[in-house]
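These are some notes to read beside the model, written for someone new to looking at protein structures. Please keep the sequence open while working through the points.

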Amino acid sequence: MRLKRWLALLVAAFACTGTAFAAELRVTLLGTGTPTPRLLSFSAATLVEAGPEKLIFDLGRGSTIRLFQKKIPIGAISAHFITHMHSDHVVGLPDMWLTGWIGTPFGSRKSPMVIFGPKGTVAMTENLTKAFSEDIRIRIDDEDYPPQGIAFAATDIEPGLVYEKNGVKVSAIEVNHGEKIKPSFGYVVEYAGRKVVLSGDTKPDDRVAKAAAGADLLIHEVAVIDPELFKTYPNYRAIENHHTSPEEAGKIFSGARPKLAVYSHIVFATQPPTQDVPEEALLARTRTTYQGPLVIGHDLMSFVISDKVEAFAPDGTAIKPLTADK
């Protein structure tokens, strides 16, 4: 009797542990950069893990490498989401698609690649299939890979609920990335009472603040451009006009009041160019409009959301979010 009771308690303990784990949301910044070819900041990609679901938002340069570093098989991603069609958000798609199909421990996708994005997503996948038709033919004939693993299940989406599976809901919100860059989306991920919001690329937009009201985690873009660049590269004015300044982002954070605000897709341009983001200056400008907890994102930082929100450096050590007195 005593043994049976002990075994029952042990089973209950494992059940409770499993339930607690399942209720977590884990977010990893795979790429926090821009088109700039920085060594430590790959272009936009964010991984969200919720229960059995592994979701990727944007497919920037190096996203497959970051997944490999995290020991997550490329072919194991449940669904892929695109915010808009700028190259730094989709240039990693062919790599994710093709490498995720290869019969290796880091690939081996055996079912169609599920992908959601703005108008043009379906056309892009159709044209990629044509562009890589010889590679596909060779690998099927030579290595006997399953044809269904290189197929696409693509959807051009509208604002609203776009994905719901295993208790995970993903909704798209339209954001303002500029008059000629439409549609552009941010995303809201909800699971087990937790909420993560990704702004996508956007000018300051109240729709982001509204969607992120009371969120556990708000990941927002930010842009700082040296005015000296406008003299030699006037296109930087258009770039600046399509993004959010630290002061403007701070207002969004103050309106939404998330448990934790995070900067990613950090547009930072100087003359001469630099590999480093000036975090102190970025923080100082943000603090003129926002006093709450903030993390300036780096590739492979992660966040675990349960009853609280915890931040971790790429090496797994805990990060204390920046507060108004720091």
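1. Is Ile296 buried or exposed? Ile296 counts as buried because its relative accessibility is 5%, where buried means under 20% relative accessible area, exposed over 50% and partly exposed in between, with a 1.4 Å probe and protein chains only. Before going further, note that this is a predicted model, in which local features need pLDDT of at least 70 and side-chain atom pairs count only at pLDDT 80 or more, while totals for chains, interfaces and linings use all residues. Residues are numbered from 1 along each chain as its sequence is written, and side-chain values use heavy atoms, with hydrogens and water left out.

2. Ile296 belongs to strand β13, residues 294–296; strands (E, at least two residues) and helices (H or I, at least four) are DSSP runs, numbered from the N terminus. Leaving aside residues up to four places away in sequence, Ile296 touches Tyr263, Ile266, Glu279, Leu282, Leu283, Met301 and Leu322, contact being heavy atoms within 4.5 Å. From Ile296 to Leu283 the separation is 13 residues in sequence and 8.2 Å in space, C-alpha to C-alpha.

3. Strand β11 (217–225) deserves attention, since nine of its nine residues are buried. β11 runs parallel to β10 (residues 194–198), to which three bridges join it, and Val197 stands opposite Leu218. Eight bridges join β11 to β12, also in parallel, with Val267 as the bridge partner of Ala223; two strands pair if DSSP finds at least two bridges between them.

4. Elsewhere, nine strands make an open sheet of mixed pairing, in the order β6-β5-β4-β3-β2-β1-β14-β15-β16. At its edges stand β6 (152–156) and β16 (318–319), each with a single partner strand, so one side of each has no neighbour in the sheet. Within this sheet, β4 (residues 79–81) and β5 (residues 113–117) pair in the parallel sense over two bridges, and Phe81 stands opposite Phe116 in β5.

5. Where is there enclosed space? The count comes to one cavity of 30 Å³ or more, and the largest cavity holds about 170 Å³. A cavity is a set of points, on a 1 Å grid over the protein atoms alone, where a 1.4 Å probe fits but cannot get out, whereas a pocket is an open set with protein on both sides within 12 Å along at least five of seven lines; lining residues have an atom within 4 Å of a point. Grid points are joined across faces, edges and corners, and a volume is the space filled by probe spheres set on the points. Of the 17 lining residues of the largest cavity, Thr46, Asp58, Leu198, Gly200 and His265 are the closest to its centre, and β11 gives the largest share of that lining, three residues.

6. The largest pocket has a volume of about 310 Å³. Its lining has 17 residues, of which Thr34, Pro35, Ile239, His243 and Val267 are the closest to its centre, and β12 supplies the largest share, four residues. The second largest pocket holds about 210 Å³ and is lined by 14 residues, with Leu40, Ser41, Gln275, Val277 and His298 nearest its centre.
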